[in-house]
Amino acid sequence: MRKCSLLPLRRLAQSPPSVRLLIRSINSSSCGPQATHRRTFTSLVHLPQPSHSQRSSSLQLAQQLQSFHTTAPSSAPGGSNLGTTPVLSPELEKRIAAIPLENFRNFCIVAHVDHGKSTLSDRLLEHTGTIATGGDKKQVLDKLDVERERGITVKAQTCTMVYNHEGTDYLIHLVDTPGHVDFRAEVSRSYASCGGALLLVDASQGVQAFTLPASSAQTVANFYLAFAQGLTLIPVINKVDLPSADSPRALQQIKSSFELDPAKAVLVSAKTGLNVGAILPAVIEQVPCPVGSATAPLRLLLVDSWYDNYRGVILLVRIFDGTVKSGDQITSFATGKKYTVGEVGIMHPTERRVPSGLRAGQVGYIFFNPGMKNSKEAKVGDTFTHVGREKEVTPYPGFEEPQPMVFVGAFPVDQGEFAHLDDSINQLVINDRSVTLQKESSNALGQGWRLGFLGTLHCSVFQDRLRSEHGASIIITAPSVPFKIKYKDPSKPDRIIRNPAEFPSEDVDYNRVEALLEPLVLATITVPEEYLGKTIEICEAARGAQQSLEFFTSTQVILKYKIPLVSLVDDFFGKLKGVTKGYASLDYEDAGYAESDLVKLQLMVNHIPVDAITQVMHRSNSVPVARAWVKKFKGFVERQLFEVIIQAVIGKKVLSRETVKPVRKDVTAKLYGGDPTRRMKLLEKQKAGKKRLKAVGGGVSVDHKAFQGFLAKEQK
């Protein structure tokens, strides 16, 4: 964003009336966000008349002001600038307006993580002329830095394309969806705006000829999710150019696993662009057009939203019926609030304003004037219609909001950065409704937050975004899950504990608690037969209960286990990939709560509990974890004048202990033999002096960096 510096404003105050008149004309033509500048300039119009010697550079100043007014950059999702959105070219707008609803196609890409979704999206955008061919920018629809760094899709992105097939124009809307299980809610919302999906399968088999990593549990899960919503599925075999690709085997897998016709599959290489041109004709022929009427009352579905600092909440919407344009008065079925539409447009691939508006079948964005400032008003799955037409429209069923499954404590490395971090975290939470935020305080680490995430990858991505986008770093405690407490008193409702420090202690609440319950997940693991034994060992070590074992193919096995969620978040997938050399895949879903023998393990320093280092776990895991804790924490504690006792306890029972010996002056250094009672007398005198010092207020203070080092090392 270009800013008007202090020097031009001073020169403006000294400019002649001709320049001020030019400024007045510029201001009269500005609108929207430029009103801020208009007020600033207008207030300077009535300043005193300058002398003749101050008028020499007035023409240059006028040119600068014109340039400042006309070159304000446009804004984009995730971080806008103070300027107007670029307008869709009139030629393209007329071309889109002439396309009938029968020639609309909305589709998405379904695949597991790292199977080439974003790369294929780039090729499709190039093929339709939406972006330039062979540009330096890769992964155009991945707008977050963390997505480009990790090579994964975190947030679903959209793009509208115009494609000419056999002399007829088609309006095609593409949604690039995430592939990881943590972001399944993003996938579900994307499906609601689509009529079909590309089932993208990686044809590469890796090193071993009998393994097919692409037939992963997550691909299967996304397939059934798309199938349940009635989407038309088109199989696409990617990476066929690799030497290790086995396309016939992949086609056979598609037929046996998904019951899809291999004859309709498209074999492509997204990296090289091989046969990518055959995908869109297949979409046109197989995916049905959206159903709706542009003359019916407006029925608009809110699919997603993001926050803009200047325009407020921007809504990504799917129009089922009717039309919407700038200036329309619309109302929400969920909140009942009324809004005035400020701008309407499409993603092509970034925001492009469409003055004529959106009509039935299209997917685009809108924001209001005045803007929607509270992101909680934008309830995903909400239906909007024109004011006064509420009784004529049936609202869309909506979506189920995802519930956090992993909770962590987050604290600033430096407490002086708390205010900055609080602002940064709130900005990220505004654009990610699945994150829950609650402030908390720790005696060891100071002020912080209790954050809830959909999974461990979701937590890691959030931390990376905080570092890369806001230049901030935080200390993350060990992940925990929500536990349920059932009390003996029937009048007392069950309680959900998200913070381990609030978990009841055995010695205090034993008589009041009837049962302790932990969350379970149904894990679906796809693994080659060669690694079946080691996989079962890991599942059993995680206190899993086997539900089924099926041979997916002659060499692939599908295991289903009920596993405690607390075991799953403890790097279960990392251990699984380690024993299977990366050939296993994992998907999971909520399986309710089950009673368990749970205990709260605490770290104590000189008999004072450290709330930041507290975990709830099964009793069978407590002893080895306790020994590891005290040994590790001892390495971060410096020696002091007094003895430092480090203990890991459950209630009043000490499971492990380490002692950091005190530093002391060598009071016997001046002795050279002689009577030993003299030596003992000096040591006793030193001991008595330390005792008096401790009695008058001396004590042990553990450096803040000791807790930081312990928790930071835990994350690795």
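**Salt bridges, a helix crossing and strand pairing**

Let me start with the charged side chains: a search of the whole structure finds 19 salt bridges, where a salt bridge is a side-chain nitrogen of Lys or Arg within 4 Å of a carboxyl oxygen of Asp or Glu. What we have here is a predicted model, in which local features need pLDDT of at least 70 and side-chain atom pairs count only at pLDDT 80 or more, while totals for chains, interfaces and linings use all residues. Residues are numbered from 1 along each chain as its sequence is written, and side-chain values use heavy atoms, with hydrogens and water left out.

For the overall picture, the chain has 20 helices and 29 strands; helices (H or I, at least four residues) and strands (E, at least two) are DSSP runs, numbered from the N terminus. Of the 716 residues in the chain, 51% are buried, and I use buried for under 20% relative accessible area, exposed for over 50%, and partly exposed for what lies in between, with a 1.4 Å probe and protein chains only. If we take the contacts in the chain between residues at least 6 apart in sequence, 70% of them join residues at least 24 apart, a contact being heavy atoms within 4.5 Å.

Now to some individual salt bridges. Asp-328 is bridged to Lys-325, with the closest N and O atoms 3.7 Å apart; Asp-328 is buried at a relative accessible area of 12%, whereas Lys-325, at 40%, is partly exposed. In the salt bridge of Glu-392 with Arg-389 the closest N and O atoms are 2.9 Å apart, and here Glu-392 is partly exposed at 48% relative accessibility, as Arg-389 is at 31%. There is also a network of salt bridges, which links Asp-308, Arg-311, Glu-343, Glu-351 and Arg-353.

The salt bridge between Arg-467 and Asp-464 has its closest N and O atoms 3.0 Å apart. How far apart are Arg-467 and Asp-464 in helix 13? They are three residues apart in that helix, which spans residues 456–470, and this separates them by about one helical turn. Arg-467 is partly exposed at 42% relative accessibility, while Asp-464 is buried at 14%.

Helix 13 also takes us to a packing question. Two packed helices are described by the angle between their axes and the distance between the axes. The axes of helix 12 (residues 418–430) and helix 13 come within 11 Å and cross at roughly 115°; axes are lines fitted to C-alpha atoms, for helices over the stretch in contact, and angles run from 0 to 180 degrees between N-to-C directions. On the helix 12 side, the residues that meet helix 13 include Leu-421, Ser-424, Ile-425 and Leu-428, and among their counterparts in helix 13 are Phe-462, Leu-466 and Glu-469. By class, this contact of helix 12 with helix 13 has six nonpolar, four polar and two charged residues, where Ala, Val, Leu, Ile, Met, Phe, Trp, Tyr, Cys and Pro count as nonpolar, Asp, Glu, Lys and Arg as charged, and the others, Gly among them, as polar.

Is Ala-472 buried or exposed? At 8% relative accessibility, Ala-472 counts as buried. Leaving aside neighbours within four places in sequence, Ala-472 is in contact with His-420, Leu-421, Leu-466 and Arg-467. The C-alpha atoms of Ala-472 and Ser-424 are separated by 8.1 Å, although the two residues are 48 residues apart along the chain.

Gln-403 is 32 residues from Val-435 in sequence and 8.8 Å from Val-435 in space, C-alpha to C-alpha.

Finally, the strands, which I call paired if DSSP finds at least two bridges between them. Strand 15 (residues 383–386) runs antiparallel to strand 7 (residues 299–308), joined by two bridges, and Leu-301 has Thr-383 as its bridge partner. Three bridges join strand 15 to strand 10 (residues 329–332), again antiparallel, with Thr-331 opposite Thr-385.

Further along, four strands form an open sheet in the order 27-26-28-29, with antiparallel pairing. Strand 27 (608–618) and strand 29 (653–660) stand at the edges with a single partner strand each, so one side of each has no neighbour in the sheet. Neighbouring strands of this sheet are turned by 15° against each other on average, direction ignored. Within it, strand 26 (residues 598–605) and strand 28 (residues 644–650) are joined by four bridges, and Gln-602 has Val-649 in strand 28 as its bridge partner.
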